[in-house]
Amino acid sequence: MASWSEFAADEPRLADGIRVLLQQYGPGFGYLATVRADGGPRVHPVSPVITAEGLFCFIIDSPKRRDLERDGRYALHSFPAEESDDEAYVAGRARPVTDPVRVALLAQSARAEPQVDWRLFEFTVDVAMLTRREQHIAGIPGLPPGRPAVRVWLDPNAPAAVAAPLTVPQTRPTRLSRDVQCTAAA
């Protein structure tokens, strides 16, 4: 399981594109999917915090926090942009941050309310994906007009069962990230 900082060091442009979409409205804003006790999905709006150290989220006492405490699997999707249909997605495992000094520093920098019953979680990155749907995308030869440009990164140390988008081959690449040409659904 790669930390956000490890992922960002490996693929800085991809990490920056994802960060921009997650922070497009100032503080982070996205949708967090967790796994309910019955195995079903649960989706919540959250405010992720991205620092040089990692990807974090302050989670209040709620079903999503209980989901993460029981089963750390998560998926985080950016909030839709106003001027484009670009998307950012990361998935992996959430783990509680228990170091009080680290929690206090992040709480202060993110202005987390001290009176609220929240816990800090760090999100590892097994899969990261950025989809650009703008017509003027450069650098991807052979991309037909109107088709999205998709950039995917898979952690080579992640379990083989990591759910990846269907357009990504299930074998691990020699290069950790690659461009994927999506096909339009009929």
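1. Arg 65 is buried, at a relative accessible area of 3%; buried stands for under 20% relative accessible area, exposed for over 50%, and partly exposed for what lies in between (1.4 Å probe, protein chains only). Arg 65 forms a salt bridge with Glu 69, with 3.6 Å between the closest N and O atoms. A salt bridge here is a side-chain nitrogen of Lys or Arg within 4 Å of a carboxyl oxygen of Asp or Glu. Both residues lie in helix α3 (residues 63-70), 4 residues apart, about one turn of the helix. Glu 69 is partly exposed, because its relative accessibility is 39%. Helices (H or I, at least four residues) and strands (E, at least two) are DSSP runs, numbered from the N terminus.

2. On the source: this is a predicted model, in which local features need pLDDT of at least 70 and side-chain atom pairs count only at pLDDT 80 or more, while totals for chains, interfaces and linings use all residues. Residues are numbered from 1 along each chain as its sequence is written, and side-chain values use heavy atoms, with hydrogens and water left out.

3. Helix α3 also holds Asp 67 and Arg 70, 3 residues apart, about one turn of the helix. Their side chains meet in a salt bridge of 3.4 Å, N to O. Asp 67 counts as buried at 2% relative accessibility, whereas Arg 70 is partly exposed at 42%.

4. By the salt-bridge rule, the count comes to 17.

5. Glu 122 and Arg 102 form a salt bridge through their side chains (3.4 Å, N to O). This pair links distant parts of the chain, with Glu 122 in strand β7 and Arg 102 in helix α4, 20 residues apart. Glu 122 is buried, with a relative accessible area of 6%; Arg 102 is partly exposed at 25%.

6. Helix α4 (residues 100-110) also contains Leu 106. Leu 106 counts as buried because its relative accessible area is 6%. Apart from neighbours within four places in sequence, Leu 106 is in contact (heavy atoms within 4.5 Å) with Thr 51, Phe 56, Phe 58 and Leu 120. Phe 56 is 50 residues away along the chain, with a C-alpha separation of 8.8 Å from Leu 106.

7. Strand β6 (residues 87-96) runs antiparallel to strand β5 (residues 73-78), joined by 5 bridges; two strands pair if DSSP finds at least two bridges between them. Arg 73 has Arg 93 in β6 as its bridge partner. β6 also pairs in the antiparallel sense with strand β8 (residues 127-132) over 5 bridges, where Glu 87 stands opposite Thr 131. Strand β7 (residues 118-123) is antiparallel to β6 and joined to it by 3 bridges, with Pro 96 partnered by Phe 121.

8. Asp 86 sits in the loop between β5 and β6 and is buried, at 3% relative accessible area. Its side chain makes a polar contact with the side chain of Arg 132 at 2.9 Å. A polar contact is a pair of N or O atoms within 3.5 Å; within protein, one must be able to donate a hydrogen and the other to accept it, and residues adjacent in sequence count only if both atoms are side-chain atoms. A polar atom of the Asp 86 side chain also lies 2.9 Å from the backbone nitrogen of Arg 133.
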